[in-house]
Amino acid sequence: CSAYRPPSYSASETSHFCDMLHDCLQSVDLSTVPVFITGDFNARHTSWCSSNQSTSAGIDLENLFCSFGQDQLVNFPTHTAPSGRSTCLDLLITNRSDMVHAIDHTAPLGASNHVQLICALALQGPA
């Protein structure tokens, strides 16, 4: 699934966003179903891509991901601000990091200042 949290979200909007992600994760049997969530979360956490600061949204999201045993796998900057500062805002969250063979990126599309994420997954067909 994909997710987008606008950078302008207030604390209450971010809480609602986290509640919706919580409900989605809670509705799945995580012991048998691989879950992959990717998107632009517009948040920072010190455990993501060697960020040197956490935002309140990043702390809320990291706590949510950890409570469901999810891992964040992107380990490179995905966004470059007009100031030139690079950060990791686009994430790949999963309960099955063993299925992810590689994560890479290509140049942004058009006028975007976000790279495009590319992920190689190990998928098995029906037996």
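Select Gln72 first: its bridge partner in strand E6 is Ile93. The model on screen is a predicted one.

Now widen the selection to strands E3 and E6. E6 covers residues 90–94, and two bridges join it to E3. The two strands run antiparallel.

Next, show the whole sheet. Four strands make it up, in the order E1-E2-E6-E3. The sheet is open and its pairing is mixed. Which strands stand at the edges? They are E1, residues 2–4, and E3, residues 71–72. Each has a single partner strand, so one side of each is left without a neighbour in the sheet.

Move on to helix H2 by selecting residues 56–67. H2 has 12 residues. From its first C-alpha to its last it reaches 17 Å, close to the 16 Å expected at 1.5 Å a residue.

Within H2, colour Ala57, Gly58, Leu61, Glu62, Leu64 and Phe65, which are buried; here that means under 20% relative accessible area. Turn the view to look down the axis of H2. The buried residues fall within an arc of 160 degrees, so they line one face of the helix.

What covers these buried residues of H2? Show helix H1, residues 11–26, and strand E6: both are included in the cover.

Then select Ser56 and Ser67. Are they buried or exposed? Both are exposed, and they lie on the face of H2 turned away from its buried side.

Notes. Residues are numbered from 1 along each chain as its sequence is written. This is a predicted model: local features need pLDDT of at least 70, side-chain atom pairs count only at pLDDT 80 or more; totals for chains, interfaces and linings use all residues. Side-chain values use heavy atoms; hydrogens and water are left out. Two strands pair if DSSP finds at least two bridges between them. The expected span of a helix is 1.5 Å times one less than its number of residues. Buried means under 20% relative accessible area, exposed over 50%, partly exposed in between (1.4 Å probe, protein chains only). The arc is that of the directions from the helix axis to the C-beta atoms. Contact means heavy atoms within 4.5 Å.
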